[in-house]
Amino acid sequence: MNDATEQRSQGRARRVVVVGAGMAGVQTAVALREQGFTGRITLIGAEPHQPYDRPPLSKAVLLGTAEGSAFDVDFEALDVELILGRAVTGLRPGDRELDTEAGPVPYDALVIATGAEPVTLPGVEAVPGVHLLRTLDDAARLRPVLAARHDIVVVGAGWIGAEFATAARAAGCAVTVVEAADRPLAGSLPAEVTAPMTGWYAEHGVELITGARVTAVEPGTVVVDEGTGAPPRRLPADAVVVGIGARPATRWLAGSGIATDPGGAITADESLRTSLPDVHAVGDCASFPSARYGRRLLVHHWDNALQGPRTVAANVIAAGAGEPPVRYDPVPYFWSEQFGRFAQYAGDHADADTTLWRGGPGEAAWTVLWLRDGALVALLAVDRPRDLAQGRKLILSGARLDARRAADPAVPLKAASAGS
């Protein structure tokens, strides 16, 4: 490394502290080293476990086919100081210090990667048998429940609720899913798209109750008001799993002066910098403005926690060297394995003006395309991974599609580009 490169990699950020040892935090530390940063890196995690990946928690770890999902990262070889089992309780930007349970930690540059925390049902804290599924410890507590083939009630028919219901049925449990909206995934996808997904539950022996409100959780029972005027229904429940959403894990930042939105997300700029000097935010805890979609995005998915750290690392280094920052404007992507299907989504359909189907919703595999002014902006592919791969590239390039060809599932999606 020559002197100029070393000066750039060190810059003013002699010590970078990363708060949060999930995917976003770990990948930030890795990316800093990959991009040539030679200063000190400290990674702080609240959990005592070796940093681990979360997607397997609702699958292999939950079903006992894997003991854990630790990242294959040699922190010692990367010269990353790893501090585990220590909660960060506050940020004092004027002093450039973090408050932790074991005392203050100074920083020159700070990366906040604390992720999200699950939303809980009010009033159930003291009820035995109520579970969340967010951490390795959560999965460990649920494994014996599934092994015993208990009656399980899942509250929430979102992505995590569907994935857990899938795993519970695979384990032989009787599963009922209660959803307050009139359909599953109501907060994520339009009604016409989720309509075929409703049938997936029944196909796998899961009872789905929609338009229902949980009014009480008692030991062994969930009380549900189905909104029909009939008496509340009492569902047998040896265990209750709550999957009604997540909120950014940012409450520890109260009083720091950092800008957040009403939901608690850090409002980062287009380079993932926060309102505080030399403080960056990445992953589930932060939103960012997307030039591609013309609005601010809050992406609670794995791929965002993988891609964002590369931008953060580049901008930590750039700030230290007095260089301009790079922008972060990805095509959001996520996937879900549920009820024997592999669903993949890319883009953002909020401002689409046209919806096209490739294949019918009753078929084994199908894709929905969303276009704006003729250009592909988002797609959902169910067991059509080639559509997803080709479509994601078309979104990146801003390609316009021939609608007739795009709607033909026999035509490769890349061949439906208007310029083809």
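**Reading pockets, cores and strands**

Tutor: Begin with a lining: the second largest pocket is lined by six nonpolar, two polar and three charged residues. Here Ala, Val, Leu, Ile, Met, Phe, Trp, Tyr, Cys and Pro count as nonpolar, Asp, Glu, Lys and Arg as charged, and the others, Gly among them, as polar. This is a predicted model, where local features need pLDDT of at least 70, side-chain atom pairs count only at pLDDT 80 or more, and totals for chains, interfaces and linings use all residues. Residues are numbered from 1 along each chain as its sequence is written, and side-chain values use heavy atoms, with hydrogens and water left out.

Student: Which helix and strand each supply at least two residues of that pocket's lining?

Tutor: Strand S9 (130-131) and helix H4 (136-147) do. The lining includes Val-130, His-131, Asp-138 and Arg-141. The space in this pocket is about 180 Å³.

Student: How many cavities of 30 Å³ or more are there?

Tutor: General idea: rolling a probe the size of a water molecule over the atoms shows where empty space is left. In this structure there are two such cavities. The second largest cavity has a volume of about 30 Å³. Among its lining residues are Asp-303, Asn-304, Tyr-328 and Tyr-333. By class, that lining has six nonpolar, one polar and one charged residues.

Student: Which residues touch the most other members of the largest nonpolar core?

Tutor: In soluble globular proteins, nonpolar side chains tend to be buried together. A nonpolar core is a set of buried Ala, Val, Leu, Ile, Met, Phe, Trp, Tyr and Cys residues joined through side-chain atoms within 4.5 Å. Buried means under 20% relative accessible area (1.4 Å probe, protein chains only). The largest core has 95 residues, and Ile-152, Phe-164 and Leu-380 touch the most other members. Apart from it lies another core, of 20 residues, including Trp-252 and Cys-285.

Student: Why is strand S23 largely enclosed by the rest of the structure?

Tutor: Six of the seven residues of S23 (residues 341-347) are buried, so the rest of the structure largely encloses it. Strands are DSSP runs of E, at least two residues, numbered from the N terminus; helices are runs of H or I, at least four.

Student: Which strands pair with S23?

Tutor: Two strands pair if DSSP finds at least two bridges between them. S22 (residues 333-338) pairs with S23 in the antiparallel sense over six bridges. There, Trp-335 stands opposite Gln-344. Five bridges join S23 to S26 (residues 375-382), also antiparallel. Ala-346 has Leu-379 as its bridge partner in S26.

How values were computed:
Buried < 20%, exposed > 50% of the residue type's maximum accessible area, 1.4 Å probe, protein only. 1 Å grid on protein atoms, 1.4 Å probe; cavity = no way out; pocket = protein on both sides within 12 Å on 5 of 7 lines; lining within 4 Å. Points joined across faces, edges and corners; volume = space filled by probe spheres on them.
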